[in-house]
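Subject: Structure handover and pocket notes

Dear colleague,

Please read them alongside the coordinates.

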Amino acid sequence: MWIIFSLLAAFAAAVVVILSKAGIKNIDSSLGFAIQSVLILIVSWSVVIWQGNLPDVTRLDRRTWLFLVLAGIITCVSSLLTFKALKLGDASRVSPLERVSLVFAIALAAWFLKERINWQIIAGAVLMVIGAVVIASSGPSSK
């Protein structure tokens with residue numbers, strides 16, 4: 001089931017890139033991100049409340065809070081940088097290069113989470129980097 005959710009998330013992320021690029025065409029990229037963030041906040045807390053998980057907030061330990069707050073800060077930085085890149089570049093070139101984050105996630109998962117990395121994961125990561133670099137180094141789209 002995780003594969004289905006992963007593929008749906010990937011498709012949703014692709015749609016977000018296109019809609020975001022179109023949405024920030026005539027505005028500052030940080031304003032576009034701020035507008036999206038408000039909706040993200042409303043929807044995410046609505047889901048928590050709808051699922052009945054709001055009381056769980058009081059049961060989170062300090063370590064969980066620390067990890068989630070740090071991840072939230074880094075998510076904001078990542079999103080602001082992505083929006084700025086989308087403002088300056090073609091979505092078809094920005095998105096693949098931004099997705100090199102998958103390679104960083106593999107390396108960080110091995111280092112911090114002690115996840116085992118096999119040759120297939122390494123080969124896939126290398127191919128992802130090569131593909132992202134080839135796409136990103138292609139010429140700008142003709143508009």
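Helix H1 (2-23), helix H2 (29-50), helix H3 (62-88), helix H4 (91-98) and helix H5 (101-112) each contribute at least two residues to the lining of the largest pocket, helices being DSSP runs of H or I with at least four residues, numbered from the N terminus. This is a predicted model, in which local features need pLDDT of at least 70 and side-chain atom pairs count only at pLDDT 80 or more, while totals for chains, interfaces and linings use all residues. Residues are numbered from 1 along each chain as its sequence is written, and side-chain values use heavy atoms, with hydrogens and water left out.

The largest pocket holds about 1,200 Å³ of space. A pocket here is an open set of points, on a 1 Å grid over the protein atoms alone, where a 1.4 Å probe fits, with protein on both sides within 12 Å along at least five of seven lines; lining residues have an atom within 4 Å of a point. A volume is the space filled by probe spheres set on the points, which are joined across faces, edges and corners.

H3 gives the most to the lining of the largest pocket, namely 12 residues, and by class that lining comprises 20 nonpolar, 11 polar and four charged residues (Ala, Val, Leu, Ile, Met, Phe, Trp, Tyr, Cys and Pro count as nonpolar, Asp, Glu, Lys and Arg as charged, and the others, Gly among them, as polar).

The second largest pocket, with a volume of about 210 Å³, is lined by Phe67, Leu70, Ala71, Ile74, Thr75, Leu108 and Phe112. H3 gives the most to this lining, with five residues.

Best regards
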